[in-house]
Amino acid sequence: MAVLTSICLFLLLIAMAAALAQGQGTRVGFYFYSCPQVESIVKETVTAHFNSNPTVAPGLLRMHFHDCFVRGCDASILIAGSATERTAGPNSLLRGYEVIDDAKTRLEAACAGVVSCADILSLAAHDSVLLTKGVGCKVPTRRRDGRVSVASETANFPAFFDSIEVQKQKFADKGLNEQDLVALVDASTRSYVQRFLGMRGLQALSFNVEFRSSMYGKSL
């Protein structure tokens, strides 16, 4: 539960940091008047896909992280085409695009041209945590969709073969700390294992105690 709480806090942290860097001024309830159904529509969409394929939950969480780490949470990971982030090595196994497309279609029918894909992805990642028995939190919205997506910009993305020190530095370069790193590495590991073993929910695997100990030297 502590790890899942950290994941939720991380989603807020990285989204807020990205928003500040881009001057987007995100806030909770941004669509209260313009599209009040946004959260329920995204949640219903994610839930429907999750019920037929539970592996979309860790997939969406991972996609959100990959999106935010490059240019901020701007949905540039969703842009198709040659040499875009979507085609880059670190993103080659991402899944869940169909969930975002489905939610976008439903939202366009309800309130056309209002909700950004960046907000849809952020809300979907949060709903994925909830569906896997994680802790919920208020998700600020008002992110703008990016129009630039470059595969080469993923070069500094944390890799599975990086040492702990290298990963710590990559996170530090984004203004993130060691606890953020532990929470996301744990979630990322669960995502991969669940995808291949078909396990249901982020809670299906225990936290990597050895890795945690190497980072902190104590229990969280």
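Me: Ground rules before we start?
Reply: This is a predicted model, so local features need pLDDT of at least 70, side-chain atom pairs count only at pLDDT 80 or more, and totals for chains, interfaces and linings use all residues. Residues are numbered from 1 along each chain as its sequence is written, and side-chain values use heavy atoms, with hydrogens and water left out.

Me: Which residues touch the most other members of the largest nonpolar core?
Reply: V38, V42, M63, L78, I100, L107 and V115, out of 29 residues in that core. A nonpolar core here is a set of buried Ala, Val, Leu, Ile, Met, Phe, Trp, Tyr and Cys residues joined through side-chain atoms within 4.5 Å. Buried means under 20% relative accessible area, exposed means over 50%, and partly exposed is in between (1.4 Å probe, protein chains only).

Me: Which elements give two or more residues to this core?
Reply: α2, α3, α4 (97-110) and α5. Of these, α5 gives the most, with six residues. Helices are DSSP runs of H or I, at least four residues, numbered from the N terminus.

Me: What is V115 in contact with?
Reply: Leaving aside neighbours within four places in sequence, V115 is in contact with Y31, C35, V38, K104, L107 and I120. Contact means heavy atoms within 4.5 Å.

Me: What about another core, apart from that one?
Reply: There is one of six residues, among them F69, F157, L176 and L181.

Me: Switching to rings. How many aromatic pairs are there in the whole structure?
Reply: Seven. F30 and Y31 form an edge-to-face pair, 5.0 Å centre to centre with 70 degrees between the planes. Rings of Phe, Tyr and Trp (its six-membered ring) pair if their centres lie within 6.5 Å; planes under 30 degrees apart are stacked, over 60 edge-to-face, and the rest tilted.

Me: Y31, buried or exposed?
Reply: Buried, at 4% relative accessible area. F30 is partly exposed, at 26%.

Me: And how do the rings of F65 and F157 sit?
Reply: Their centres are 5.3 Å apart and their planes are at 50 degrees, so the pair is tilted. The pair links distant parts of the chain, 92 residues apart: F65 is in helix α3 (residues 56-71), and F157 is in the loop between α5 (117-131) and α6 (164-172). Both F65 and F157 are buried. F65, F69, F157 and F171 form one aromatic cluster.

Me: Now charges. How many salt bridges?
Reply: Six. A salt bridge is a side-chain nitrogen of Lys or Arg within 4 Å of a carboxyl oxygen of Asp or Glu. One of them joins E44 and R106, with the closest N and O atoms 3.0 Å apart. E44 lies in helix α2 and R106 in helix α4, so this pair ties together parts 62 residues apart in sequence.

Me: What does D162 pair with?
Reply: K170, with the closest N and O atoms 2.7 Å apart. D162 counts as buried at 14% relative accessibility, and K170 does at 10%.

Me: D127 next. Where is the nearest side chain of opposite charge?
Reply: That is K43, 5.9 Å away. D127 is buried yet has no salt bridge. Lys and Arg count as positive, Asp and Glu as negative; His and the chain ends are not counted. D127 is in helix α5. Its contacts, leaving aside neighbours within four places in sequence, are E39, V42, K43 and V46.
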